[in-house]
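Let's walk through this structure together, moving from the whole chain down to single residues. Have the model open beside you as you read.

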Amino acid sequence: MDPEAEFLASKRQTGNEWELFKENVRPLKRGRNVDLLNHALKAHTNDQIKKSLLENRRRLIEAIDEYKGEDPLQPWLDCIKWVQEAFPPAGDFSGLVLIYEQCVRTFWHSDRYKDDLRYLKVWLEYAEHCSDAEVIYSFLDANDIGKTHSAYYVAYALHMESKSKMKAANDILNLGIASNAQPIEKLRDAYKKFLARSMRRTKAGEEDLKEEDLPVRSFGTVLSRGENQRQASKTFDLGRNKLKPDQVHRTPFSIYKDTNMDVMGGHHSKPKTDLNSWQTLGGRAERNKENNANPAKWTSYKIPQRPLPRTIGAVASAHIEVFVDEECAEQPKMHDCKDKTSSLQLRELDGRNIKKETELLRENPLRNFPSNSLPR
């Protein structure tokens with residue numbers, strides 16, 4: 001038995017599962033614990049480990065509702081950190097986007113956490129999972145959340161720069177410096193790097209313009225008369241210079257011969273069919289004769305029709321079934337009941353509904369927020 005077959009038969013654990021699934025692992029800024037990462041990646045091949053991970057997530061969500069301490073944000077942060085470690089791909093089935101959304105929606109109106117850096121980081125991580133994070137930054141600006149921290153202005157400016165809105169990014173960084181957002185050194189350093197990137201982009205644009213100074217014509221364009229003459233003269237001079245001096249005068253000319261010329265009389269010999277073609281144009285009625293065709297008799301043919309009995313009054317129409325989109329019908333509605341928290345909603349969703357709700361939140365991250373909280 002070869003060593004590879006012997007190793008597979010022994011079913012020993014290598015402890016390097018991340019080598020097999022590392023392309024599916026979402027990187028984290030703080031890094032990852034290798035032991036926890038290997039244990040989480042075993043769920044791809046071990047159903048028992050997968051069930052245990054889902055059970056641990058359920059217990060953490062229950063701990064959020066049962067928390068009676070002085071910092072209700074902390075169990076949310078513990079749950080988010082554990083889900084990030086236990087579900088390395090951070091896909092739709094992990095429920096991470098739903099936990100982000102329910103966490104920020106729970107405390108958005110609380111004055112206690114508006115200037116809390118931990119709460120702001122949850123918002124910024126939630127924005128990274130959305131298709132367009134500009135709505136989230138506008139929401140934070142309208143509700144004065146995290147505006148005392150430089151991380152808000154740096155992330156907002158980087159997002160606008162990624163959309164090529166350089167002026168808006170510059171204004172955001174200047175606003176953060178003017179507001180003395182802390183730490184101010186980090187914000188000033190980010191502004192210097194932004195200016196350096198802007199200068200490189202400007203120089204690259206100027207070099208592209210220099211390369212495009214020469215007129216470039218595409219097929220089918222028409223030059224003005226002066227440009228056409230200059231173009232023709234340049235082309236003629238180039239072609240003349242390519243030929244040798246003795247070849248310029250020795251090039252034979254092709255003489256055009258009119259085949260319709262009468263050699264004996266010196267007159268054009270016209271075909272008989274064309275003698276009267278353009279002599280007279282005729283009157284209006286003769287020119288429009290194709291529009292004066294006499295219609296043939298076709299009304300004599302009758303289509304057989306089936307006689308229907310006439311009834312007095314209107315005939316009742318058949319019942320029309322109204323189509324209802326299942327996706328729209330199953331969208332969770334806003335509940336004002338205080339006895340049902342947002343974490344309970346996550347606990348009730350299965351894998352399929354979590355994936356559907358995650359996709360909806362990626363497209364519209366503020367879909368569950370009250371209308372009076374949205375920016376106008």
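A residue is called buried when its relative accessible area is under 20%, exposed when that area is over 50%, and partly exposed in between, using a 1.4 Å probe and protein chains only. Helices here are DSSP runs of H or I with at least four residues, strands are E runs of at least two, and both are numbered from the N terminus. Please keep in mind that this is a predicted model, in which local features need pLDDT of at least 70 and side-chain atom pairs count only at pLDDT 80 or more, while totals for chains, interfaces and linings use all residues. Residues are numbered from 1 along each chain as its sequence is written, and side-chain values use heavy atoms, with hydrogens and water left out.

Start with the overall picture. The chain has 17 helices and zero strands. Of its 376 residues, 27% count as buried. The chain exposes about 28700 Å², with carbon and sulfur atoms supplying 54% of that area; accessible areas come from the Shrake-Rupley method with a 1.4 Å probe, and for residues only the protein chains shown count as cover. A contact means heavy atoms within 4.5 Å. Among contacts between residues at least 6 apart in sequence, 62% join residues at least 24 apart.

Now find helix α5, residues 73-86. Because 10 of its 14 residues are buried, α5 is largely enclosed by the rest of the structure. Those buried residues include Leu73, Trp76, Leu77, Ile80 and Val83, along with Gln84 and Glu85.

Leu73 also leads us to the largest nonpolar core, which has 60 residues. Such a core is a set of buried Ala, Val, Leu, Ile, Met, Phe, Trp, Tyr and Cys residues joined through side-chain atoms within 4.5 Å. Leu73 is among the residues with the most contacts inside this core, as are Tyr119, Tyr137, Phe139 and Leu140. Leaving aside residues up to four places away in sequence, Tyr119 touches Leu73, Cys103, Val104, Phe107, Trp108, Tyr113 and Ile145.

Tyr137, Phe139 and Leu140 are also among the buried residues of helix α8, residues 134-142. The buried residues of α8 pack against α7 (117-128) and α9 (150-162). After α8 comes Asp144, whose phi is positive, near 55°.

Finally, look at Ala169 in helix α10, residues 166-178. Is Ala169 buried or exposed? Ala169 counts as buried because its relative accessibility is 0%. Its contacts, again not counting residues up to four places away in sequence, are Ala157, Met160, Glu161 and Phe194.
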